[in-house]
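I opened the notebook to look up a few things in one model. The entries below follow the order in which I looked.

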Amino acid sequence: MRHQDVANAIALACAIAGFCAPAHAVNIDPQGRGQVLLYPYYTVNSGQDTYFSVSNPTVYAQVAHVRFLEGRAGRPALDLDVHLTAYDSWSAAISQVSDAGGARLTTADASCTRPAIPATGLAFTASGYDGSGALAADSGPHDLTRTREGFVEVIESAAVEFAEGGTVLTAFPFEIPPIDCATIFSSIVGHIGVIGGGLTGSAAIIKVADGIYYPYLPTAIDNFTSVPLYTETMSPLQPSLQQANSDTGAGGHLVANVFGENASFGTLVTPYALQFDTGIDAVSAVLMADSLQNDYLIEPGLGASTDWVLTFPTRRFYQDPIYPGYNDGANSGVGLFERSDAAFYDTEGNRLTVDEETIRPPYSTNVISFLRGAAAGARSGVFGSSLTRNYAPPANAGTMRLDVERHRTGLGGTSGQGLHSLQVSGFGAGLYGFPVVGFMAYNIVNANAAPGKLANYSGTFAHRTTACFAQTYLDPAICFR
């Protein structure tokens, strides 16, 4: 297709279907700044700790709500508010309480938190899933070891605007009002606003004893909200990803800016502005992937092992009855992961096999481990995860591709006709795939880096994904690439 034809097609799509992206729709920020940060994985298994930070690179003070969710069902294990002054950063560590116990949060940071974090740390609790707290119990298990691995979400709940003589203090130099951690979270009421792109962060899983370090960056979602979400009384369920509200289209639908392939117009540089019935659908839309690809390395001579982290941060909102509207509407099946085929390739690009058995990651956070000869129920090779599914690839190194709708692995057949699609308001179909974040991690053991000296080399790489949007129930094979 000539460039002018593509331009005409884009213009036609914008004019007829309203696909051109508005400025304030929910979107993934490629520069890592947002009102929401999603950290796909924390763990305290196998002698590891998880360190993470949240930063405020703005001239406003902000309140960030930090929620730690256990990985099995995405139930809350710990909630807290963090007050960040202008250009402030807050860092903390997640470590184990004991070998058979849960996780706890510790920090040496002076930033104010609610609740306050004592020197001994705050222990994660089972009250979010065992029925002992405000939330109904889930199907279990209910022991504290569920809190040993999971994921973290951070939501900007307010920007704090202190005024002097009727002028809002937004630029340096100015005198920051004295901060009393005992009263700050009540005193900011009446001084709150909202800004976009206000948070950044980082994380690393560290095994000090072995000198192993797995750093990664969270996924940043911007233009999430145009109203403050801060409340003086804390809740285990709010603020939440269900509250996306920054831009609305016709009929009050929520709008998300989505990059991907269109079954009618091909790959476009301009993101699609797609409308959805609910805020959680808009958040799911920007995270949708109909295929996911990354590398694996299990070379015996290198002592290599590889884990993939797959976290579905919105699955719980469609499947767990503690959330309002969890099973309502056309997109109630988004949280189901019923089918995904795995295609293995070697380092020369030869497709070695396609697993038609299907991969069904059952948890909110899943770790796919690449191990040969592993016993049934074995923990993953890199992170020691119990939320794992092991695969023995046919080559020692290469890539694996997960395909939700089968068209990208070339197995033939048609789409799931909605089984794995997110319905767009006003259309019979929508985005294919599932909402996912995560990364690949590998470790190499050099048993003789120097005489009598062992060394570890590790790395992390974000998953590469594709997205496909169809305006009708077309066979998404035309999105193939």
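Entry 1. Before listing partners, I noted the rule for pairing: two strands pair if DSSP finds at least two bridges between them. The model is predicted.

Entry 2. With strand β8 (residues 113-114), β5 pairs in the antiparallel sense over two bridges. In that pairing, R114 of β8 is the bridge partner of D81.

Entry 3. I then turned to strand β4, residues 61-70. β4 also runs antiparallel to β5, and eight bridges join them. I found A64 opposite V82 of β5. The two strands make a hairpin, with five residues between β4 and β5. In the turn, G74 has a positive phi of about 75 degrees.

Entry 4. I checked A378 next. A378 sits in the loop between β26 (365-370) and β27 (388-391).

Entry 5. Last, I looked for open space. The largest pocket holds about 990 Å³. It is lined by 40 residues, and the closest to its centre are I28, T219, V286, H463 and T465. Sorted by class, the lining has 24 nonpolar, 14 polar and two charged residues.

Definitions and conventions:
Residues numbered from 1 in each chain as written. Predicted model: local features only at pLDDT ≥ 70, side-chain atom pairs only at ≥ 80, totals over all residues. Heavy atoms only, no water. 1 Å grid on protein atoms, 1.4 Å probe; cavity = no way out; pocket = protein on both sides within 12 Å on 5 of 7 lines; lining within 4 Å. Points joined across faces, edges and corners; volume = space filled by probe spheres on them. Nonpolar A, V, L, I, M, F, W, Y, C, P; charged D, E, K, R; others polar. Helix = DSSP H or I, 4+ residues; strand = E, 2+ residues; numbered from the N terminus.
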